[in-house]
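I am opening a notebook page for a structure that is new to me.

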Amino acid sequence: MAPDTGIVDTAETYKKPTSSPLWGMSSLPQEVQAALDWLSTTIMARSSFLQASSLLSSFLALTLAQTPTAPSEGWSTTLNGTPTSFRPVFTIPASADDGVTLLPNIYDPQAVDAQDVCPGYKASGLEQSDCGLSATLTLAGEACNAYGIDIVELDLKVEYQAKSRLAVNIVPKYLDASNQSRWIVPEDIIPRPQAENSCEDTDLQFDWGNNPSFWFSVCRRSTGDVLFTTQGTHLVYENQFVEFVNSLPEDYNLYGLGERIHGLRLYNNWTATIYSADVGDPIDRNLYGNHPFYLETRYFEKGGSNTPLKQSELQHDNFAYSGKPTGSPYESRSHGVYYRNTHGMDVVLRPDHLSWRTLGGAIDLFFFDGPSQPEVTKEYQKSAIGLPAMQQYWTLGFHQCRWGYRNWSETRDVVETMRAFNIPLETIWLDIDYMDQYRDFTLDPVTFPASGVADFFDWLHGNNQHFIPIVDAAIYIPNPQNASDAYDTYTRGNESGVFMTNPDGSQYIGAVWPGYTVFPDWMSANGVSWWVNEMVEWYKEVPYSGFWVDMNEVSSFCVGSCGTGNVSMNPVHPPFSLPGETNNIIYEYPEAFNITNSTEAASISAASSSQASAISATAAVEPTSSTSTSYLRTEPTEVRNVNYPPYVINHVQDGADLAVHAVSPNATHANGMQEYDYHNVWGHQIINATYHGLLEVFPGKRPFIIGRSTFAGSGKWAGHWGGDNASKWAYMFFSIPQALSFSLFGFPMFGVDTCGFNGNTDMELCSRWMQLSAFFPFYRNHNVLSAIPQEPYRWAAVASASRTAMHIRYSLLPYMYTLFQEAHTTGSTVMRALAWEFPNDPQLAGVDTQFMLGPSILVTPVLEPLVDTVKGVFPGIIDGESWFDWYSGERVQAEAGVNTTISAPLGHIPVYIRGGSVLPTQEPGYTTTESRQNPWSLIVALSSDGAASGSLYVDDGESLEPESSLDISFTAMGGQLKAEVQGEYKDTNALANVTILGAEPVGQVKLNGKTIDAAMVDYNSTSCVLKLSGLNDLTCGGAWQGSWTLSWA
């Protein structure tokens, strides 16, 4: 997690134990010793080592009427009968994470527009083949050297790789070992899409010209659409700056270009910066991951011209709805663009064009024809980034976490209390509280002692529940002057040469939670094997179920190798205060808290003001100056300036300095590659290493990983959570477009910190959010240290709302699991934007307040406080779609294109079933293991013409390559439901219930020709809901032991 920054007086020190066992000194009075023992088991939270000294010092002073030893001299005490000594511990100055002040190019009034001053290139030496062409591009005039040194000659290669995929590659003509890593992304890191066996019948066409300089276009042959063109612009190709510009239609609909907190449809006058950053979820800025891919959708009049419609030309009424479906007058076509480049970049969106500006690397573009969103996404995943990881069944249950669970006992209490409130809990997570001084692959010997592992895990696993620990990216480097500070993980890594270096070959030493740290080099010969070994060995001590990989941007709390020469000070405190420390008390609450909790809000406001005054009083006084801010600007040089490139991207960190709060760009890998060129894939590589580690720990089972920093393709190994959001309604609102964007990026396993991470939540926000997240694939509640607890049982209303939504979720787990299997095998999406599922309705292009779970479930959540209704559309009605209320089973009476007001009192989330769907469900148990042992049910929601279809996938729920499985297809038509069963997997659960929505009229009900007892049949002629229950005995050998037919007409 990103630090919650606060003011720290760097003259102060904090105390941290220098060895384990932790504390001790001469004998104390019994009552004092008992109190100290209590402290040792209650205050040891994540900040325990940071707070222990001051707490104990104050306690000793008060109880023993003595003055504690001065911080500079250290002191000793005894806890639990164990002696230990304290020494003063250095706080890294806040200034250590201050970089230079740079001005992003997009805001710089002195910035040169490369399009105005650069000559572009001319193409020559054209060679064509059946599957593409090649040419030489030569600088068309005097070098401009705008933000780098111009490359004089380039090689162009165009490949028709498949019927719906085209590749355009432009690289420097002269490459060798000395410069290859700057331009060419190694395919063992980021695979490159390969040409298929045949390039015949391709629907994409490459065109080019030389006037006024080289340009190219990509068109769709079948329709004549120009998908991408650089005509009328200049190609700029320099050693630290590459720019090309493609035109876009007015009012374009563009999606993707992550990662950021933003609406689903991207703005058309805005810059999307792509560069990994450890930063707590700012709106519209670059975040943890990097996904240089976009989907564009264009709408056309059916039977009209091939000119995309503008928003002003679209009818925003209800399509003149007359009560009967008339068919949408529109159609859409989509395509995708993937820029395979690992460098930092600005993607500058303007009303009629898009400029790609990177800090280096080749132009390696891939175009996906579609022409629908599902086809684009599937082709992108299958050919470029890999199909999403198939998840184990249990990972779809509910997960609970927080930064601040203090010991094994408290963690167990949370699990037990969840059960006592009958709120399903599948997995308990721990933040870095469990670690010994925040060091990976360790346990705190006081609060999470190894002696408690067997008891905790035997109990947890005996209840069919799971455990996930956080693991950070940086590795503590022990104090060489303190033998008791030894850390075997570092020692083994150091001996294997697996850590990144400075340009001079010395070890690069930054700072993260444990103090001064080093950083694994995934390009070193032994980096992955070392990491795998650490995972295997630690599993012998802590039987985890998966890994949560954090801080992998990769983050560092200081600029440069700040630990060089300072390791003898380790362990050290980060250069900021932690949540809950002095002057960093959390007083933030959700919007409208002052209305719903006015008395408490007034008290909080007063305390917050007092804290702000205290911070102001202790803050260093900055010298006043009448001059304006001075910015560092650098000039292009033959030897790249990797720390301060001449072009400044709009990076989120202070001063736009690439080295702030991150490993510096000049850090070096074993093969000579610089972090400048590969920063954006560091997180991708640790996820890959973790995946291989889990394969070693759990042979033959699907690894479960949730990672923070990702790149295109990380989804084939891991899921992702939305990072350090806040307990604000705005962040709940943005969680939907976040999730939908990651669907495009190949991450179906996505979720956010439900109820919010930073700040305090409240009952209303948490109620709504727990219900919303129940329909996200990854479902976890997590919050920050020292904030109020937010487990769902903390408020009766939240507990009730959670149980309601979880009952739906757990009922639908077979449906969700089937969606994951389809995503894993075909590249389809799990969470879907309405515009993707209903492509002929342009009014849905920007809708991100509702979403589809697969093709059949529509979710319309409340996303604002103090309301009991929500507005939502029922898509597709103009084309004959019908919808049924999940709770009543009744057909929704709605009009096409109308934003309908829906009742949504607190505790209720509107959920609808799409007509034409067959949903497999299962009676929920407390855990997924129990659920999988319960009887099956089916919900058949008939379309307006009485038809429906669906599918179910069943396997053992965990094997990487299951020995057997079941594929069941359901088809309803003409008063019959048929189940066709294929596969050998043995599932003995009976079919208990079948509910048919929109059934009329109803006659004798039969299963495989045998009449079902009337006592099992309940038909409501008003709602047209037919319920068949108690079918267990009729299918006692298992619902899917063979194909069957159910009839009711």
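**Entry 1: the chain as a whole**

How many helices and how many strands does the protein chain have? I looked this up and found 19 helices and 49 strands, where helices (H or I, at least four residues) and strands (E, at least two) are DSSP runs numbered from the N terminus. I note that this is a predicted model, in which local features need pLDDT of at least 70 and side-chain atom pairs count only at pLDDT 80 or more, while totals for chains, interfaces and linings use all residues. Residues are numbered from 1 along each chain as its sequence is written, and side-chain values use heavy atoms, with hydrogens and water left out.

Next I looked up the extent of the chain, and the C-alpha trace spans about 90 × 80 × 55 Å along its principal axes. The radius of gyration, taken over C-alpha atoms, is compared with a globule rule of 2.2 Å times the number of residues to the power 0.38. For 1049 residues a compact globule would come near 31 Å, and the protein chain agrees with this at 30 Å.

I then turned to burial, where buried means under 20% relative accessible area, exposed over 50%, and partly exposed in between (1.4 Å probe, protein chains only). Of the 1049 residues in the protein chain, 62% are buried. For contacts, meaning heavy atoms within 4.5 Å, I looked at those with a separation of 6 or more, and 74% of them join residues 24 or more positions apart.

**Entry 2: domains and a record**

The domain assignment, whose bounds come from an automatic or database source, gives domain 1 (113-146 + 150-238) and domain 2 (837-1047). Their centres, taken over C-alpha atoms, are separated by 49 Å.

I also checked UniProt, where an unreviewed entry places the feature "domain: Glycosyl hydrolase family 31 C-terminal" at residues 827-919; such annotations may be inferred rather than shown by experiment. In the model, residues 827-919 are 4% helix and 28% strand, and their end C-alpha atoms lie 21 Å apart.

**Entry 3: the nonpolar cores**

A nonpolar core is a set of buried Ala, Val, Leu, Ile, Met, Phe, Trp, Tyr and Cys residues joined through side-chain atoms within 4.5 Å. Which members of the largest core touch the most other members? Among its 196 residues, they are Tyr 338, Trp 513, Trp 531 and Ile 857. Helix H14 (residues 729-744) gives the most to this core, with 8 residues, and the core draws at least three residues from each of domain 1 and domain 2.

A second, separate core has 48 residues, including Ala 135, Leu 139, Leu 235 and Phe 367.

Is Trp 183 buried or exposed? Trp 183, found in helix H4 (residues 180-183), is buried because its relative accessible area is 6%. Not counting residues up to four places away in sequence, Trp 183 touches several others, among them Ile 151, Pro 172, Tyr 237 and Gly 361.

I placed Pro 910 in the loop between strand E37 (900-903) and strand E38 (911-914), and at 1% relative accessibility Pro 910 counts as buried. Its C-alpha atom is separated by 9.6 Å from that of Gly 872, 38 residues apart along the chain.

**Entry 4: backbone exceptions**

Most residues other than glycine have a negative phi, and most peptide bonds are trans. Another cis peptide bond joins Glu 1000 and Pro 1001, with omega about -15 degrees.

Tyr 438 has a positive phi, near 65 degrees, and lies in the loop between strand E21 (427-430) and helix H7 (453-462). Cys 1024, which is not a glycine, has a positive phi of about 60 degrees and is found in the loop between strand E47 (1017-1020) and strand E48 (1025-1028). Tyr 438 is buried at a relative accessible area of 4%, and Cys 1024 is buried at 12%.
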